[in-house]
Amino acid sequence: MPLRTPTATEGFVFPEIPLTMTISELKKELRRKVRRLKTQLSPVQRAEAAKVLADKALANPDVASAENVLSFWPMPDEIDIVSLNLALRNMGKNVYLPIMVGDDLQFRLFRGVDELIPDPDFGILQPSVDAPLLPPEVALTDNLVILTPGIAFAPDGRRLGRGKGFYDRSFSDFPKAKRIGVGFSCQLFPDVPTDEGDVPLDSIILC
């Protein structure tokens with residue numbers, strides 16, 4: 001989806017929320033709203049969204065040309081990106097998945113579903129600690145895309161995460177990578193509240 005530049009006077013557009021709320025309060029309220037919207041998605045809608053996401057992502061020029069893809073394994077409330085991860089791997093691309101190490105993300109090679117293990121805190125599947133790390137020289141190339149989850153997205157690339165800042169901190173490690181947000185269409189808003197530590201995306205793919 002092409003991005004647009006916000007106007008200088010543009011603010012957070014969400015009619016039922018008082019404009020007197022702080023950025024932190026706005027973020028919390030938007031997270032609550034998105035959680036409610038996601039619960040309204042049926043299993044059929046979720047499955048169709050996953051299929052459309054795979055088709056759109058594989059047709060995306062940045063994804064198609066990238067040799068290396070930083071992706072993720074979905075949490076229960078996130079769009080199912082598993083089929084896309086498998087398709088990218090079958091195409092011969094190097095797919096890396098995140099592991100939480102303290103307050104940071106560490107990306108390790110996705111070698112197949114049978115080699116993933118549950119994260120001890122959240123139960124999300126992730127590579128084992130013996131899976132190869134993303135090479136430092138690859139992190140600095142422009143032949144890299146980051147498929148990024150989020151809670152809410154704006155057309156200009158602003159993104160609201162879960163509040164821990166994992167991805168915003170990680171983006172600085174990949175200065176030339178294309179940052180692509182992925183999610184459900186109900187996660188798109190005219191504007192998204194952000195502050196100084198929030199890093200914008202280059203594009204978004206929502207289904």
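In which helix is the place of serine 170? In this predicted model, serine 170 belongs to helix H6, which covers residues 166-171. With a relative accessibility of 4%, serine 170 falls under the 20% limit and therefore counts as buried. Its side chain reaches the backbone oxygen of phenylalanine 166 at 2.9 Å.

The sheet may be considered next. Six strands make up an open sheet of mixed pairing, and their order is E3-E2-E1-E6-E9-E10. The edges are taken by strand E3 (104-109) and strand E10 (203-206), each of which has a single partner strand, so that one side of each is left without a neighbour in the sheet. From one strand to the next, the twist averages 30°. Strands of a sheet pair through backbone hydrogen bonds, in either a parallel or an antiparallel sense. For strand E6 (residues 144-148) and strand E9 (residues 178-183) the sense is parallel, and the pairing extends over four bridges; valine 145 stands opposite lysine 178 in E9. Helix H4, formed by residues 82-90, lies across strand E1 (68-70), strand E2 (94-101) and E6, and runs at about 130° to E2.

The largest nonpolar core contains 44 residues, of which Leu53, Leu70, Leu84, Phe107, Leu134, Leu147 and Phe174 touch the most other members. Apart from this core lies another, made up of eight residues, among them Leu30, Ile151, Ala154 and Leu160.

Phenylalanine 107, one of the residues that touch the most other members of the largest core, counts as buried because its relative accessibility is 5%, under the limit of 20%. When neighbours within four places in sequence are left aside, the contacts of phenylalanine 107 include Leu70, Tyr96, Pro98, Leu134, Tyr167 and Phe174. Phenylalanine 174 is likewise buried, its relative accessible area being 6%.

A search of the whole structure finds three aromatic pairs. One of them joins phenylalanine 107 to phenylalanine 174 in an edge-to-face arrangement, with 5.8 Å from centre to centre and 80° between the planes. Because phenylalanine 107 lies in strand E3 and phenylalanine 174 in the loop between H6 and E9, the pair ties together parts that are 67 residues apart in sequence.

How values were computed. Residues are numbered from 1 along each chain as its sequence is written. This is a predicted model: local features need pLDDT of at least 70, side-chain atom pairs count only at pLDDT 80 or more; totals for chains, interfaces and linings use all residues. Side-chain values use heavy atoms; hydrogens and water are left out. A nonpolar core is a set of buried Ala, Val, Leu, Ile, Met, Phe, Trp, Tyr and Cys residues joined through side-chain atoms within 4.5 Å. Buried means under 20% relative accessible area, exposed over 50%, partly exposed in between (1.4 Å probe, protein chains only). Contact means heavy atoms within 4.5 Å. Helices (H or I, at least four residues) and strands (E, at least two) are DSSP runs, numbered from the N terminus. A polar contact is a pair of N or O atoms within 3.5 Å; within protein, one must be able to donate a hydrogen and the other to accept it, and residues adjacent in sequence count only if both atoms are side-chain atoms. Two strands pair if DSSP finds at least two bridges between them. Axes are lines fitted to C-alpha atoms, for helices over the stretch in contact, and angles run from 0 to 180 degrees between N-to-C directions. Rings of Phe, Tyr and Trp (its six-membered ring) pair if their centres lie within 6.5 Å; planes under 30 degrees apart count as stacked, over 60 as edge-to-face and the rest as tilted.
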